[in-house]
Amino acid sequence: MAVAGAGSSVGKNLLQFMKFVGQLKRVPRTGWVYRKVEKPESVSDHMYRMAVMAMITEDKKLNKDRCIKLALVHDMAECIVGDIAPADNISKEEKHRREKEAMNYLSNMLPDEMKKEVYELWEEYEHQSSAEAKFVKELDQCEMILQALEYEELEKRPGRLQDFYDSTAGKFKHPEIIQLASAIYEERASNIALQGSSSQL
């Protein structure tokens, strides 16, 4: 009976963890909300595409599996603290404190080995302490401008979300991300030029 009870406790903890993580599907990305984007993406939408971006990297010097895990964990604390944006005027130190507390709470629902892995992945990303963490940080910013491009195209208002592009200026170092970002910039410039020419007709 003791074993069954232990199993039941593990199952309940895992269920609780999954319910918390599931809330990320319902946490909208604050930056888009503040810019009044219709139907803004959720945090989990953002993390999913980042994980796909990590999966398709061709950089053999990076541990691809670790990059995917970092992408899936880096915003996990937001299921408790929400998506804190620069416009919220909360210091980086306070944001880190809140998220650290949330990650401690979340990871404690997991079995010991997994608890350690999840928390350490989050810390690795926060402190940018590996090549993989630095790469995933660039993915985070590149995915954001890709999403900005898509929103501008959906709204047929090219150029509207310029501040998101400005916030990433000069931050891309990895060749693959520079390549993707260049394609994003080119398509956006084309969209803005087309809008300008059609408005003159």
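User: Buried means under 20% relative accessible area, exposed means over 50%, and partly exposed lies in between. In this predicted model, what is the relative accessible area of Lys156?

Analyst: Lys156 lies in the loop between α8 and α9. The cut-off for an exposed residue is over 50%. Lys156 counts as exposed because its relative accessible area is 63%.

User: Where is Lys36 found?

Analyst: Lys36 also has a positive phi, near 60°, and is a residue other than glycine. Its relative accessibility is 72%, so Lys36 counts as exposed. Its place in the chain is the loop between α2 (30-34) and α3.

User: How many helices does the secondary structure of the chain come to?

Analyst: Read along the sequence, the pattern is α-α-α-α-α-α-α-α-α-α. The strand count is 0, and the number of helices is 10.

User: What percentage of the contacts in the chain with a separation of 6 or more is between residues 24 or more positions apart?

Analyst: The C-alpha trace of the chain spans about 80 × 40 × 30 Å along its principal axes. Of its 201 residues, 39% are buried. Among contacts with a separation of 6 or more, the share from residues 24 or more positions apart is 67%.

User: Which residues does Leu139 contact, leaving aside its neighbours within four places in sequence?

Analyst: Leu139 is among the residues with the most contacts inside the largest nonpolar core. Leu139 also takes part in the meeting of α8 with α3, where the α3 residues are His46, Arg49, Met50, Met53 and Ala54. Once neighbours within four places in sequence are left aside, the contacts of Leu139 are Met50, Met53, Ala54 and Ile177.

User: At roughly what angle do the axes of helix α3 and helix α8 cross?

Analyst: The axes of α3 (residues 43-55) and α8 (residues 131-155) come within 9 Å and cross at roughly 120°. That angle makes α3 oblique to α8, since the roughly perpendicular range is 65 to 115 degrees. The crossing is right-handed, and the angle asked for is roughly 120°.

User: How many nonpolar residues does the contact of α3 with α8 have?

Analyst: On the α8 side, the residues that meet α3 include Phe135, Val136, Cys142 and Leu146. By class, this contact has 2 polar and 4 charged residues, and its nonpolar residues number 8.

User: Which residues is Cys67 in contact with, leaving aside its neighbours within four places in sequence?

Analyst: Cys67 is found in helix α4. Its relative accessibility is 0%, so Cys67 counts as buried. Leaving aside neighbours within four places in sequence, the contacts of Cys67 are Ala54, Leu62, Glu132, Phe135 and Val136.

User: Is Gln141 buried or exposed?

Analyst: Gln141 is found in helix α8. Not counting residues up to four places away in sequence, Gln141 touches Thr168, Lys171 and Phe172. Its relative accessible area is 12%, and the cut-off is under 20%, so Gln141 is buried.

User: What distance separates the C-alpha atoms of Arg97 and Glu138?

Analyst: Arg97 is found in helix α6 and is partly exposed, with a relative accessible area of 42%. Arg97 and Glu138 are 41 residues apart along the chain, and their C-alpha atoms are separated by 23 Å.

Terms used:
Residues numbered from 1 in each chain as written. Predicted model: local features only at pLDDT ≥ 70, side-chain atom pairs only at ≥ 80, totals over all residues. Heavy atoms only, no water. Axes fitted to C-alpha atoms, helices over the stretch in contact; angles between N-to-C directions. Helix = DSSP H or I, 4+ residues; strand = E, 2+ residues; numbered from the N terminus. Parallel < 35°, antiparallel > 145°, perpendicular 65-115°, else oblique. Left-handed = near helix turned anticlockwise from the far one by under 90°. Contact = heavy atoms within 4.5 Å. Nonpolar A, V, L, I, M, F, W, Y, C, P; charged D, E, K, R; others polar. Core = buried A, V, L, I, M, F, W, Y, C linked by side-chain atoms within 4.5 Å. Buried < 20%, exposed > 50% of the residue type's maximum accessible area, 1.4 Å probe, protein only.
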